[in-house]
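Hi everyone, thanks for coming.

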Amino acid sequence: MSDSSLLIVLSTLSTGLIMGAIFSLVAAGVTIVYGCVWLPNASNGQFFLLAALVVWTFTLSFGWSSLAASLAVIVLGVLLAVVLELVLIRRLYNAPNRNVAYFVVTLGLTQILSGIFSLTYAKWSDQFSVPPVIEGITMLGPFPISNNRLLAMVVSLGVLGLLFALLRYHPYGRALRAVFQNREAAALRGVNVRAIYRLSFVLGSTIIFLGGILFAFAYSFDLSVAWTMSITAFAIMIVGGPGSVLGALVVGMTFGFTQAIVSIFASPTVAMFSYLGAMLIMLLFQPNGLFKR
Amino acid sequence: MKLLEVSGLSKSFGGVAALANVVGHSIEGETLGMIGPNGSGKTTFVNVVSGHVRADRGTLTFAGVNIARMRPHQLAEVGLCRTYQAVRVFSELSTRQNIENARLLLEDRGLGAAEVRELTEWLRLDRNLDKQAGSLTLFEQRRLELLMRLVLKPRLIMLDEPVGGLAVTEVNEMITLLQELKARCSLFVIEHTMRVIRELADRVMVLIAGEKVADGPPSEILQNQRVIDEYLGNAAHA
Amino acid sequence: MTSHSQYGIAAATLVILALPFLLAGNRFLGFVLGMTLISLLWATGMNLLSGFVGLMPLMFAGIAGIAGYAMVYFTRTAGWSFWLAMPVASLLAAIIGVALGLPALRLKGFYFTLCSLVIQSVLTLAFIFFPKFTNGDTGINEIAPPDWFGGTALTSVRFDFALAVAAVAGILFSTWLTQTHLGKKFVAVREDDVLAESIGIDVVRTRITAFFIVSLYAGIGGCFYSAYVGFISPRAFDVLVSLNIWLFVTFGGRGTILGPIIGTAILAPIPFLLQDLQAFKDILSGTLIILVTLLMPGGIYGAWLKLLSRKRGREVQTTQVREQGV
């Protein structure tokens, strides 16, 4: 294989892995919250973007180190999730059709955040990039990958691994899965369902914020990533199976590679079309997705 | 003549057999009862027969017509309808509107205004016509359910635990009502309360773990050793 | 239908028909009125569907867009009169709407909403990426107003009045519909589709019919929009438009005739009167969506009816107000 085709292959591979890892992470966050609380978070893209933008602010305007900024954003993210749960989310725990009600509420949240971004960040810059956490590049054969991107990928996959372990082995994880399956049965077995809801929402949202932070380090971005991420995350969740973290991983990586490959020939919008198409097909024929929760 | 006929009826959910090769029939004019422990498949049976769930295998006919692939609204046209274990009415609408909705199926071929009024009075709902159906008492709602089915001019009504949740005096009244109902159409009754079965059913099918284990008049069934061992012995019903 | 709401509808009709003349002097307000009337037509249509449990038709704007673009094609390229193009384009959009919505209508609750959102996204992307018909993101401008008698065109006050007539026609049609058997089936399916099916109502066919009628409203509104504003682009028919109309309906009180009228009358003029504060429009809109879902599922009209019933101390025969949920 000639050097240039090898480069293209390796480049595609690495983009696919990195994008895939981040996609999977965000999708995992979305799917946990949907599977457990029945909350489809339409504003997940805005959360993602928010995290990335705040990291940008902390590093560029405040001059903090990237690591400090990330940690700060995580803490703030957790706080935001807790506040949201308190003020908004818990009101609908017992509503009929709450998945639709939540979807609508989060659509409203999306509009609010998007409006706030237009008033603020949109005025400050068109494109945002964040200084790297670690410098340098690693050579994969003839192909250079920035260590920063590698870090993003490693952290994503690491967190996903932790998530798996949590769900499988830790009592909280088992309680979560019990509520996934059947909340009445879980309640009868002594699970504090409301507490699980709270934890799940905060956990899921924090994972989404983390995805945004990692993305900020891996790539420069603009405000449109919010809605592309939302669509992608939902598509991954539906195709992978609502509530299934394994599904989020497998399908997330697949979509990541799809994006990487498609970007060689065409604009990313074509990839978007394919995600929408995949989601549509799944909804119509197999709404429960490919993997069980 | 035979109304409902099932043969080899089977349905599994995720590997668990809810119904296994159920065979049975009901005859026009007779009241068929069905009893069995919780989870024995009684409600699945009704769901399959009434078109809410499709069977995996087996035949299902009603008055000679193959109804296996029919949806509930088509069954209503053929004369087969059901009520629900947890009573179901249009709770945000008025009683009158609930009845009007049931009359939509038959339109002009349905009961006339006078007949509907007579039924409404017989079921003692004439004072509540403008009340929101959700604000009626449980007994009133169950009576409304019956009224909505009668308006469909059915040949067979399948009743899923018609006295569930009722007080003792209400149970007595309901039994009387159902006995009078027998004159208007055939009934299929699922119940846990043995008194209802004894006083209403001409014949009883016993379902245990998805299989029909007995079929006969109540007196016979209630003395059947297996039925007693696997169901009645533990049941504390009158 | 209570006499109370009959008076309300009659009063609303008179006000709507009078407004174009009352505002004749001020073209800006006239334009705001026109846009509000188009939104009113849309809201009245969406209301027929929006009451359905979980059926939030986010593809509404896309269907309006199909009609809008088709109408422009028929009048410009085929040289038809607006009055021929409009019904044909609307019918076309309605048929496409049903075809697209058909598989989704089998889905329940959130899945339908999501499917609807996906279809809307596909439509918006189609509007952008098929510039042969739609001129892509640039949009189509200088759309002629509808032709009128004597070789003139329908403009300004006369156009506003035509829109008022269309809105009133839409309201009266939907009022009539609620009295028919079909209308009652809509309500029954909306309230409890499983029960409705048990008592003999063909739920799937009812949903399809409802969807067709709603799509007609969307399409007719879309045609009027194109001719009135004179400029269309994919942005004019995207998901935010659907969401806004949904908000007008829900804020006013879905499932009632007066609700959408009230909601549209209050909310539709706001973005035009707040011209410069674009981003605030988003924030306001989003906040209202959240507030309405959490606090006022019955909308303004619903809250008013509840107040009335408490004052009268008996159960008011509300025709279509739901307590909770979407």
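Let's start in the loop between S4 and S5 of chain B, where B:Ala63 sits. This is a predicted model, by the way, so please keep that in mind throughout. What is the phi of B:Ala63? For B:Ala63, phi is near 50 degrees, a positive value in a residue other than glycine. To put that in context, most residues other than glycine have a negative phi. Is B:Ala63 buried or partly exposed? B:Ala63 counts as partly exposed, because it has 16 C-beta neighbours inside 10 Å, and being buried would take 20 or more.

There is another residue of this kind to look at. B:Asn21 is not a glycine, yet its phi is positive, at about 50 degrees. You can find B:Asn21 in strand S2 of chain B. With 15 other C-beta atoms within 10 Å, B:Asn21 is partly exposed.

In chain B, 4 strands form an open sheet in the order S2-S1-S4-S5, and the pairing is antiparallel. Which strands stand at the edges? Strand S2 (16–27) and strand S5 (65–66) of chain B do; each has a single partner strand, so one side of each is left without a neighbour in the sheet. Further in, strand S1 (residues 2–13) and strand S4 (residues 57–62) of chain B make an antiparallel pair over 5 bridges. If you want a bridge to click on, take B:Leu4, whose partner in S4(B) is B:Phe62. Helix H1 (residues 42–49) of chain B packs on this sheet and touches S1, S2 and S4 of chain B. The direction of that helix makes about 65 degrees with that of S2(B).

Chain B has another sheet for us. Here 6 strands form an open sheet in the order S6-S7-S8-S3-S9-S10, and this time the pairing is mixed. Strand S6 (80–82) and strand S10 (211–216) of chain B are at the edges, each with a single partner strand, so one side of each has no neighbour in the sheet. From one strand to the next, the twist averages 15 degrees. Within this sheet, S7(B) and strand S8 (residues 186–190) of chain B pair in the parallel sense over 5 bridges. There you will see B:Leu159 standing opposite B:Val189 in S8(B).

How confident is the predictor about chain B? The average pLDDT of chain B is 88, and 97% of the residues score at least 70. Confidence in chain B is highest in strand S7 (residues 156–160), at 94, and lowest in helix H9 (residues 225–232), at a mean of 77.

Let's zoom out to how the chains meet. Chains A and B do not touch, and their nearest C-alpha atoms are 12 Å apart. Chain C does meet chain B: 17 residues of chain C are in contact with 24 residues of chain B. On the chain C side, helix H8 (181–191) and helix H9 (193–198) each supply at least two residues, and H8(C) gives the most, with 5 residues. By class, that side of chain C has 5 nonpolar, 4 polar and 8 charged residues.

Which chains make the most contacts among the 2 pairs that touch? That pair is chains A and C. There, 32 residues of chain A are in contact with 30 residues of chain C. H4(A) supplies the largest share of the chain A side, 17 residues. The residues on that side divide into 23 nonpolar, 8 polar and 1 charged.

Helix H6 (residues 147–169) of chain A has 23 residues, which at 1.5 Å a residue should span 33 Å; its end C-alpha atoms are 32 Å apart, so the two agree. Among the buried residues of H6(A) are A:Ala152, A:Val155 and A:Leu163. Their cover includes helix H1 (3–37) and strand S2 (143–146) of chain A.

The same kind of check works in chain C. Helix H7 (residues 156–179) of chain C has 24 residues and should span 34 Å at 1.5 Å a residue; its end C-alpha atoms are 35 Å apart, which agrees. The buried residues of H7(C) include C:Phe159, C:Phe161 and C:Ile171. The helices that the buried residues of H7(C) pack against include H2 (27–50) and H10 (203–229) of chain C.

That's my tour, so over to you!

How values were computed:
Residues numbered from 1 in each chain as written. Chains lettered and ligands numbered in written order. Predicted model: local features only at pLDDT ≥ 70, side-chain atom pairs only at ≥ 80, totals over all residues. Expected span 1.5 Å × (residues − 1). Buried ≥ 20, exposed ≤ 12 C-beta atoms within 10 Å, placed from the backbone. Contact = placed C-beta atoms within 7 Å. pLDDT = per-residue confidence, 0-100. Nonpolar A, V, L, I, M, F, W, Y, C, P; charged D, E, K, R; others polar. Pairing = 2+ DSSP bridges. Axes fitted to C-alpha atoms, helices over the stretch in contact; angles between N-to-C directions.
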